[in-house]
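Try each task before you read its solution.

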Amino acid sequence: LVTMESIDLSDPSITTSAANSNNHNNNVEVSIDQVHIETPEERYERLLRRAKSEDLNEVSGIGCLYQSGVDRLGRPVVIFCGKWFPAQNIDLEKALLYLILLLDPIVKGDYVIAYFHTLTSSNNYPSLQWLKEVYSILPYKYKKNLKAFYIVHPTFWTKMMTWWFTTFMAPAIKTKVHSLPGVEHLYAAITKDQLEIPAYITEYDMATNGLHYFQPVTQTSSPAS
């Protein structure tokens, strides 16, 4: 049995041990204080640096995401072809990096996106979790400078996803989303010569809607300025 009376507090080994213990605790506290938590801005900049340095040919070669001219107001048009996005067998991290690489210089000003849902299947649908992650990573300029998001050949899936996303994740862009039943409806905002899209989209559109089914009214102002 050890009692306080039996401990010699003048013993230097005890003093040294206690001091070492205090130093260890202090070191732990310093280490915790020095841990740096990455901010959203720093995370984006890190991903942008990776996007500029890594080989992204695996994604860029698919051709599902690219810029195609400008709309009637001179804003860059970004095209996304859902059918060509192999969501189930592609490196989604590289897909995100390519998205950042392509869009970062574009989103510094106003821009629009045309998403073609034509002939897509469940194999082309990314998970909701991935979409939420992408949205959280992209900085405010992506949302602020997006002036229109056109969904061409929508289905029940796109309508449900649009409702959920604009209700719970991004209500600020709700008025910017426009579902269009055919390609010719886009001509009100984007002239035909500025719209470079794959042949399968126009072929499907003609088979479904016929020829010259819509006479566009020229857009003279932004619908979501």
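Let's start with a term: buried means under 20% relative accessible area, exposed means over 50%, and partly exposed is in between (1.4 Å probe, protein chains only). The model is predicted, so local features need pLDDT of at least 70, side-chain atom pairs count only at pLDDT 80 or more, and totals for chains, interfaces and linings use all residues. Residues are numbered from 1 along each chain as its sequence is written, and side-chain values use heavy atoms, with hydrogens and water left out.

**Exercise 1. The overall layout**

Task: Work out how many helices and strands the protein chain has, and in what pattern they come.

Solution: 
- Step 1: Count the elements: there are 8 helices and 5 strands.
- Step 2: Read along the sequence to get α-α-α-β-β-α-β-α-α-β-α-β-α.
- Step 3: Look at burial. Of the 225 residues in the protein chain, 38% are buried.
- Step 4: pLDDT is its confidence in each residue, from 0 to 100. The chain has a mean pLDDT of 86, and 80% of its residues reach 70 or more. Watch out for residues 1-7, though, where pLDDT stays under 50.

**Exercise 2. The largest nonpolar core**

Task: Find which residues touch the most other members of the largest nonpolar core.

Solution: 
- Step 1: Know what you're after: a nonpolar core is a set of buried Ala, Val, Leu, Ile, Met, Phe, Trp, Tyr and Cys residues joined through side-chain atoms within 4.5 Å.
- Step 2: The largest one has 30 residues, and Leu96, Ile100, Leu103, Tyr111 and Tyr142 touch the most other members.
- Step 3: Two or more residues come from each of α2 (40-53), α4 (92-103), β3 (111-116) and α5 (128-137). Helix α4 gives the most, with 8 residues.
- Step 4: Zoom in on tyrosine 142. Skipping residues up to four places away in sequence, tyrosine 142 touches Tyr44, Ile100, Leu103, Asp104, Val107 and Tyr111. Contact here means heavy atoms within 4.5 Å.

**Exercise 3. A buried alanine**

Task: Which residues is alanine 87 in contact with, leaving aside its neighbours within four places in sequence?

Solution: 
- Step 1: Go to the loop between β2 (76-81) and α4, where alanine 87 is found.
- Step 2: Alanine 87 has a relative accessible area of 8%, so this residue is buried.
- Step 3: The contacts of alanine 87 are Leu92, Asn123, Asn124, Tyr125 and Pro126.
- Step 4: Compare sequence with space: alanine 87 and proline 126 are 39 residues apart along the chain, yet 5.2 Å separates their C-alpha atoms.

**Exercise 4. Salt bridges**

Task: Where do lysine 94 and glutamate 54 lie, and why does their pair tie together parts of the chain?

Solution: 
- Step 1: A salt bridge is a side-chain nitrogen of Lys or Arg within 4 Å of a carboxyl oxygen of Asp or Glu. The structure holds 7 of them.
- Step 2: In the bridge between lysine 94 and glutamate 54, the closest N and O atoms are 3.7 Å apart.
- Step 3: Lysine 94 lies in helix α4 and glutamate 54 in the loop between α2 and α3 (57-60), so the pair ties together parts 40 residues apart in sequence.
- Step 4: Now try lysine 141 and aspartate 104, whose side chains meet in a salt bridge (3.1 Å, N to O). Lysine 141 is in helix α6 (residues 140-145) and aspartate 104 in the loop between α4 and β3, 37 residues apart.
- Step 5: Lysine 141 is partly exposed at 26% relative accessibility, while aspartate 104 is buried at 8%.

Technical notes. Helix = DSSP H or I, 4+ residues; strand = E, 2+ residues; numbered from the N terminus. pLDDT = per-residue confidence, 0-100.
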